[in-house]
Structures are given as structure tokens and as C-alpha cells.
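Please work through each task before reading its solution.

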Amino acid sequence: MVSTVIRCFVFILFSLTVRVKSQFCNGIAHQRCVHHPRCHNLPVCYPVPSFNQQLCPPIATMNTTTASTIPTTTTTQQLFHPLRGSSIDIHPNARWQQSGITVAGGNRQANGINQLPDPRGLYVDDDQTIYAADRANNRIVEWKRGATSGQVVAGGNGQGSLDHQLFIPIDVIVDKERDSLIISDYVNRRVVRWPRRNGTSGETIISSIDCLGLTMDENRSLYIVDGVKNEVRRYRRGESQGIVVAGGNGKGNRLNQFSNPQYVFVDRDHSVYVSDLGNNRVMKWMEGAKEGIVVAGGQGQGNALTQLSYPEGVVADQLGTVYVADGGNNRIMRWSNRATQGSVIIGGNGRGDQSNQLNQPFGLSFDRDGNLYVADTGNHRVQKFNIESNK
């Protein structure tokens with residue numbers, strides 16, 4: 001007991017410099033602030049590699065009144081998990097069941113509420129609710145966990161450019177703070193915000209952009225792929241122009257270029273991962289970098305473990321492991337940090353509609369348990385692959 005109090009007291013002395021309402025400790029990018037229950041819920045700074053949510057559980061809401069030497073604090077601690085990323089650490093040798101479960105669509109190609117033709121972008125919420133960009137029907141569809149049919153939550157009013165319409169939506173994410181959907185409305189060259197609950201129309205928040213994949217960081221800055229300009233732009237809250245954070249140097253295969261980029265993922269360090277379809281590679285651009293590094297593929301188009309063929313959806317985990325939908329090879333690949341070749345974790349059994357096969361996979365998303373969801377576009381369905389072993 002005495003040793004615990006001493007340790008807490010030492011932690012408290014260091015934590016007095018911490019901006020308690022911030023997710024990071026006094027602006028230090030590699031430390032995280034946690035209100036630790038063993039230290040009377042006072043803030044403690046941990047280096048990120050040592051941070052473990054099971055050992056140091058955050059307190060959802062706390063009210064602390066202390067002596068005059070320690071400021072009174074009221075805050076809500078929220079941990080940032082990158083969109084489409086898992087909230088758990090995924091082991092480099094984790095395995096998933098090879099037979100997928102159809103959790104959305106799978107009922108041929110049409111416009112029924114139980115159908116999902118050509119799904120592209122994919123987002124899975126904390127409660128395993130699925131949001132899919134139903135490109136062919138110009139709508140965003142929500143599928144609750146265990147549901148046999150979906151619900152149209154945006155668009156679905158025919159193709160067009162009116163506020164209540166979409167025209168080939170490519171990607172969708174959820175902005176939880178505003179309880180809204182953010183949609184890449186491709187043909188209309190706009191990004192739309194749409195209320196998630198009972199929304200009848202959307203609001204254009206970014207216009208005149210050839211938008212494909214999009215994502216958001218913990219500061220609610222948007223990252224959007226512009227497929228024509230071969231770049232990724234970041235838009236901070238309230239900005240309408242944004243700045244280029246990856247690419248923007250014309251179409252090509254140099255390390256500072258893209259060729260038809262598709263989807264984007266941003267991690268906790270604000271590194272940007274982009275599926276560079278025309279170059280059959282995935283690029284990582286660290287914050288502020290002038291060029292990217294190849295983290296998957298880049299050895300020409302093919303089906304060897306060193307190659308990709310038309311990569312689409314991309315996700316990275318806390319260790320920098322990259323997961324990519326290898327669309328032309330009908331498989332999901334994992335590339336460990338600094339690896340020279342990847343491994344097939346899902347599919348790779350030829351193009352088909354069996355439970356262990358894929359047909360042109362596009363979107364990828366993990367849920368909070370590490371289960372993997374794939375927009376199996378050619379089969380008009382979303383497949384869930386349960387995590388089997390995380391060690």
C-alpha cells in the first residue's frame with residue numbers, strides 16, 4: 001500500500017504539467033494521459049508503447065476535488081482508435097477463420113433492402129452496425145448486427161445532384177461527435193454530411209473534388225483522396241480548401257507520386273496510408289513528409305507474395321502492420337512493418353462465391369474485437385471473418 005502511494009505520488013508530480021483535457025501529455029506525441037484508478041483517478045503519463053488499456057483502464061467520466069496544490073478537474077477520457085481500425089492490439093501472427101459469414105447483402109444484384117450490389121467503402125461501428133456505400137443504387141445502407149435486411153440512411157432517391165440524392169457514392173464514415181455520416185459522392189464531386197438518424201437530405205461540406213476514399217483523425221480533420229489530382233488532402237474543421245498531405249506531384253510511380261489512388265487510412269501518428277492502384281502498391285506518408293515509402297507491393301502487378309494487383313481498401317494497426325484488399329487477386333493480405341513480402345490472411349482461393357472465396361474485394365474494416373469485414377463487391381455482399389487466434 002505504501003509503495004503504491006509513493007508511486008502514485010511520483011506520477012502525480014510529473015502529471016501536474018499535463019494538459020488534462022488533452023489526449024496527449026503536454027504535446028508530447030509519444031505519451032498518453034490516463035486517469036488511473038490506482039492513483040485516485042489522477043492523470044498519469046505513459047509512453048505509448050507501454051500503454052495498455054487493460055492494465056490502465058480509462059475512466060469514462062470523473063469528478064475530482066483535491067487540495068489546492070492539485071487543480072480540480074472534470075473531464076471525459078476518450079481513447080482514439082483510427083477509423084476502420086481495431087480497438088485491440090492485433091498480434092502479428094493473428095489468424096482469422098477462413099470461411100466468412102455473410103452479414104450484409106448476398107442476395108444477388110438489385111435494389112431490394114436485403115440486397116447490396118457492388119458495395120465499395122465500408123465502415124463498422126462499435127456495436128457492429130455496418131455502413132456500406134451501395135454504389136449501384138446511389139445510397140448508403142445501414143445493416144444492424146444480425147439483420148437480414150438493411151435500411152437506407154442516405155440517398156436512395158435515384159441518381160442526381162439534389163440535396164436528397166447521391167450519384168455513385170464510393171466511401172462512407174461515421175462522425176460520432178455530430179452523429180452524422182460523411183459520404184464521398186463521386187460523380188457529384190462533393191463530400192456530403194448526412195444526419196445518421198432520420199436524415200432526409202445531406203449538406204455539401206467540400207465541393208469540386210474528385211473524391212474517392214476518405215477518413216478522419218481524432219481532431220476530426222478529414223483526409224480525402226482526389227483520384228484525378230493523384231493526391232490526398234487534409235481538411236481541418238471549417239476548412240474548404242485543405243492542404244496536400246500525400247502526392248500532389250502529378251501522376252507517376254515516383255515516391256512522391258500516385259497513379260490512381262483509391263482509399264486512405266490515417267493512424268494515431270497522423271501517418272497516411274494510401275492504396276496506389278495504378279502502381280500496385282500501398283504507400284505510407286508520415287506527417288509532414290515530402291514523399292512516401294512503399295509498405296506493400298510495388299514489385300509490379302502479379303500474385304506473388306511480393307506483389308499486389310489493383311489494391312483497394314487499406315487499414316493499418318498499432319504496430320504498423322498493413323492490411324490491404326488485393327482486388328485483382330481476390331484476397332486480403334497482411335504486410336508486417338518493414339516486410340519485403342506479405343501473407344494471405346483471407347481468400348486467395350480463386351474468384352468465386354463460396355464462403356472461403358472473394359470476388360473483387362474493396363472496402364475493409366475491423367470491429368472492436370478484431371474481426372475483419374470485407375466488402376466483397378463482385379458477390380454483392382459483406383463478409384465477416386471472425387478472429388480465431390490473436391497470438
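A charge sits over a ring if NZ of Lys or CZ of Arg is within 6 Å of the ring centre and within 35 degrees of the ring normal. This is a predicted model, in which local features need pLDDT of at least 70, side-chain atom pairs count only at pLDDT 80 or more, and totals for chains, interfaces and linings use all residues. Residues are numbered from 1 along each chain as its sequence is written, and side-chain values use heavy atoms, with hydrogens and water left out.

**Exercise 1.** State which ring the charged end of Arg120 sits over.

Solution. The ring is that of Phe362, whose centre is 4.1 Å from the charged end of Arg120.

**Exercise 2.** Classify the pair formed by Trp96 and Tyr323.

Solution. Rings of Phe, Tyr and Trp (its six-membered ring) pair if their centres lie within 6.5 Å; planes under 30 degrees apart count as stacked, over 60 as edge-to-face and the rest as tilted. The structure holds six such aromatic pairs. For Trp96 and Tyr323 the centres are 6.1 Å apart and the planes stand at 80°, so the pair is edge-to-face. Trp96 belongs to strand E6 (residues 95–96) and Tyr323 to strand E25 (residues 322–326), 227 residues apart; strands are DSSP runs of at least two residues, numbered from the N terminus.

**Exercise 3.** Determine whether Tyr323 is buried or exposed, and classify its pair with Phe366.

Solution. Buried means under 20% relative accessible area and exposed over 50% (1.4 Å probe, protein chains only). Tyr323 has 0%, so Tyr323 is buried. The rings of Tyr323 and Phe366 have centres 5.1 Å apart and planes at 80°, which makes the pair edge-to-face.

Note on methods. Helices (H or I, at least four residues) and strands (E, at least two) are DSSP runs, numbered from the N terminus.
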